[in-house]
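Colleague: Hello! I am new to reading protein models, and I would like to learn how to look at one. Could you walk me through it?

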Amino acid sequence: MYRPPAAPESLPRLLNNKYRLERRVGEGTYGVVYRATDLSSGDKVAVKEMRPDESEEGVPSSALREIAILLELRHDNVVRLRDVTRDQSAGPGSAKTQLFLVFDFLDVDLHRLMHLNPHIGGSPRLVKFLVYQMLSGLDYCHRRRILHRDLKPQNLLVDLANHNRLQIADFGLSRAFGVPVRLLSPEVVTLWYRAPELLLGGKLYGTPVDIWSTACVVLELSNRWPLFPGSTLASSLDLTPQLLWSP
C-alpha cells in the first residue's frame with residue numbers, strides 16, 4: 001500500500017547522504033517536490049519524490065517515460081534533470097522502488113509571481129521577455145517531437161535571482177510524437193488551459209494543444225485573470241464559443 005511522503009514537520013531529512021530535503025514546495029498527480037540542498041556542492045535543488053504506482057512493481061512506467069523525455073532535453077528554458085536516485089534506505093528487497101528526480105531549483109512559478117507582482121501585466125517589457133522564453137522552450141520541445149500537454153502558470157518556473165529566467169517544468173504528462181500519428185488521451189492539460197479538440201474528446205492531436213495552452217497563459221499574464229475559468233468540462237465547453245466563436 002502506498003505510504004504518503006513524510007509530513008513537513010519531519011523535515012529536514014537526508015536522502016542517501018547526498019541531499020538534505022528541507023521544505024515541501026509543491027505536490028501533483030505524480031509526486032511531491034521538495035526544496036533541498038546538494039550536500040556535495042551546496043547548491044539549492046528541487047527534489048521530486050515520485051509516487052509509486054500500485055498497479056506496477058519496481059519503477060513506474062510513468063516515471064521511466066518522464067525521465068527518458070527529460071534526458072532528451074537540454075535548453076536554457078527547459079528544466080534540467082541533474083540526477084535520478086532511489087531511496088537506498090528502502091532496501092533491495094522493497095516491493096516498491098521509491099524514486100527521486102533532482103532538478104535545478106528556481107525561486108517561484110509564474111502563478112505565484114503574478115500574485116507577488118499584481119501589476120506584472122503593466123510591465124510590457126517583462127511580459128514580452130517571459131513569453132519569449134516560454135515560446136523558445138516550447139519550440140525546442142516541439143522540434144524534439146515532445147508534447148508537454150500540461151502547460152500552465154504553475155509549471156513555468158522563474159529564477160528571480162538570474163534575470164527572470166523562465167523554464168518549462170513538470171513533464172509528467174508529456175509524450176513523444178511522430179509518424180504515424182498515434183491516438184492519445186484527451187484527458188490531459190489542466191481544464192482552464194485545455195484546447196477545444198481536447199474538450200471535445202479528440203484523440204488525434206499534436207502541437208496546437210500546447211500552443212493553445214500557451215496563449216491562455218499569455219493572456220492570463222497580461223490580464224491577471226484566466227481566460228476560460230471553467231469549473232467543469234461542460235462549463236469550459238460553454239465558455240470557449242462564448243468568448244471566441246459560435247459553433
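Predicted model: local features only at pLDDT ≥ 70, side-chain atom pairs only at ≥ 80, totals over all residues.

Colleague: What is the angle between H3 and H5, and how far apart are their axes?

Modeller: H3 covers residues 124–143 and H5 covers residues 208–223. They pack at about 170°, and their axes are 11 Å apart.

Colleague: Which residues of H3 and H5 meet?

Modeller: On the H3 side you will find Val127, Leu130, Val131, Met134, Leu135, Leu138 and His142. Their partners on H5 are Asp210, Ile211, Thr214, Val217, Val218, Leu221 and Ser222. Sorted by class, this contact has 10 nonpolar, 3 polar and 1 charged residues.

**Rings and a charge**

Colleague: How do I read an aromatic pair, and how many are there?

Modeller: Look at two things: the distance between ring centres and the angle between ring planes. The count here is 1 aromatic pair. Tryptophan 212 and phenylalanine 228 are 5.6 Å apart, centre to centre, with 15° between the planes. The pair counts as stacked because planes under 30 degrees apart are classed that way.

Colleague: Where do tryptophan 212 and phenylalanine 228 sit in the chain?

Modeller: Tryptophan 212 belongs to helix H5, while phenylalanine 228 is in the loop between H5 and helix H6 (233–243). They are 16 residues apart, so the pair links distant parts of the chain.

Colleague: Are tryptophan 212 and phenylalanine 228 buried or exposed?

Modeller: Both tryptophan 212 and phenylalanine 228 are buried. A ring can also have a charge over its face: arginine 13 lies over tyrosine 34 in this way, at 5.5 Å from the ring centre.

**Backbone details**

Colleague: What kind of peptide bond joins leucine 11 and proline 12?

Modeller: The angle to read is omega, and here omega is about 0°: this is a cis peptide bond. Proline 12 is in the segment before strand E1 (13–15).

Colleague: Where do I find asparagine 17 and asparagine 164?

Modeller: Asparagine 17 lies in the loop between E1 and strand E2 (19–27), and asparagine 17 is exposed, with a relative accessible area of 62%. Asparagine 164 is in the loop between strand E9 (156–159) and strand E10 (165–168). With a relative accessible area of 24%, asparagine 164 is partly exposed.

Technical notes
Residues numbered from 1 in each chain as written. Heavy atoms only, no water. Axes fitted to C-alpha atoms, helices over the stretch in contact; angles between N-to-C directions. Helix = DSSP H or I, 4+ residues; strand = E, 2+ residues; numbered from the N terminus. Contact = heavy atoms within 4.5 Å. Nonpolar A, V, L, I, M, F, W, Y, C, P; charged D, E, K, R; others polar. Phe/Tyr/Trp six-rings, centres within 6.5 Å; stacked < 30°, edge-to-face > 60°. Buried < 20%, exposed > 50% of the residue type's maximum accessible area, 1.4 Å probe, protein only. Lys NZ or Arg CZ within 6 Å of the ring centre and 35° of its normal.
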